[in-house]
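I opened my notebook to get to know a new structure. Here is what I looked up, entry by entry.

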Amino acid sequence: MNSIHFMWAAYIATWAILGGYLVSIVRRYRRLQREQKDLQGKGFE
Amino acid sequence: MKKAFSILAVFSALLLAYATYQALVVAPTERTMGDVQRIFYYHVPCAWTAGCLFCVNLLASIAYLTWKSSKADALAVSAAETGVVFCSVVLVTGPIWARPVWGIWWTWDMRLTTTLVLWLIYVSYLVLRKFSDSAQTPKLAAVLAIFGALDVPLVYFSIWFFRTQHPQPVIGGGGSLDPRMLRVFLINLLAFSFLGAMICWWRFRLEVFQRELDEALALEALLGPDGLPQVSARSRSPLGKSPSATGPA
């Protein structure tokens, strides 16, 4: 591996970590929205 | 509020795209290290952002201990989680840079070790938040956060206090940086700081939403599906005793 491969590896790792975290936030947010809809369906606000 | 957030998210994405273009294309190639030096444009801004987020966690923890504000506690946990993510980027990109430059992935150098300890402290903070159900958890976590934050200045000043292999700071540390590199570095610093603030804000909204929903679920459990208070067999029985306990008088 030469210098440029290490550079790409670092950039890809950065975006994999940040992207993975953003996806996890979106999934948690959607799960909460589903739970909120279920509660509203039962008459709770 | 939602529209403002969307506009800021788009702005953040554009700023990051511009900063990445600057780092990969516009910044000159370093003479001795070559292209691997460009990792610096991601590594240092992520370290700065993580440090800022841990400082937010410290301030929010102090605010929680002072005023017992639930919002302050929510901000503390959001800042800690986002800070751990940025600190993880630092701990991954650092060894990727070190392998071709130093010839090793890791060394127990003071800067590297204190950064790893910092990451471990905040991971333990998040584990405590996730797996402890005690009412005292936010208070314990706030105290842990205050002790954890003591490591932040130690990480920063470790390269002054100890003999270390880690490069000296480029700003305020006697190191020199080409003005074109400095410009690209500052653009990336701004972009990652903005991204950190955006993610922390989003995570904070999620935490507040989660707490509101937990309260609603607790209310549902208390009132039952018909919206009336749940009456146990014990309280229905005469004299407030359970049927089995009300034997012949």
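I began with rings and counted 19 aromatic pairs over all chains; I keep in mind that this model is predicted.

How far apart are the ring centres of B:F40 and B:F185? I found them 5.1 Å apart, with the planes at 25 degrees; that angle is under 30 degrees, so I noted the pair as stacked. B:F40 belongs to helix 2 of chain B and B:F185 to helix 7 of chain B, so this pair ties together parts 145 residues apart in sequence. I also checked burial: both B:F40 and B:F185 are buried.

Then I looked for charges over rings. The charged end of B:R205 sits over the ring of B:F5, 5.0 Å from its centre, and that of B:K130 sits over the ring of B:F131, 6.0 Å from its centre.

I turned to the nonpolar cores. The largest has 53 residues, and B:F192 is among those with the most contacts inside it, as is B:F54. Helix 1 (3-41) of chain A and several helices of chain B, including helix 2 (40-67), each supply at least two residues of this core. Its largest share, 14 residues, comes from helix 7 of chain B. Around B:F54 I listed contacts, among them B:A80, B:L118 and B:V152. A second, separate core of eight residues includes A:A10, A:A13, B:V36 and B:I39.

Last, I looked at chain A by itself: I found one helix and zero strands, and of its 45 residues 27% count as buried. Its C-alpha trace spans about 60 × 10 × 5 Å along the principal axes.

Methods: Residues numbered from 1 in each chain as written. Chains lettered and ligands numbered in written order. Predicted model: local features only at pLDDT ≥ 70, side-chain atom pairs only at ≥ 80, totals over all residues. Heavy atoms only, no water. Helix = DSSP H or I, 4+ residues; strand = E, 2+ residues; numbered from the N terminus. Buried < 20%, exposed > 50% of the residue type's maximum accessible area, 1.4 Å probe, protein only. Core = buried A, V, L, I, M, F, W, Y, C linked by side-chain atoms within 4.5 Å. Contact = heavy atoms within 4.5 Å. Phe/Tyr/Trp six-rings, centres within 6.5 Å; stacked < 30°, edge-to-face > 60°. Lys NZ or Arg CZ within 6 Å of the ring centre and 35° of its normal. Lists of a residue's contacts leave out its neighbours within four places in sequence.
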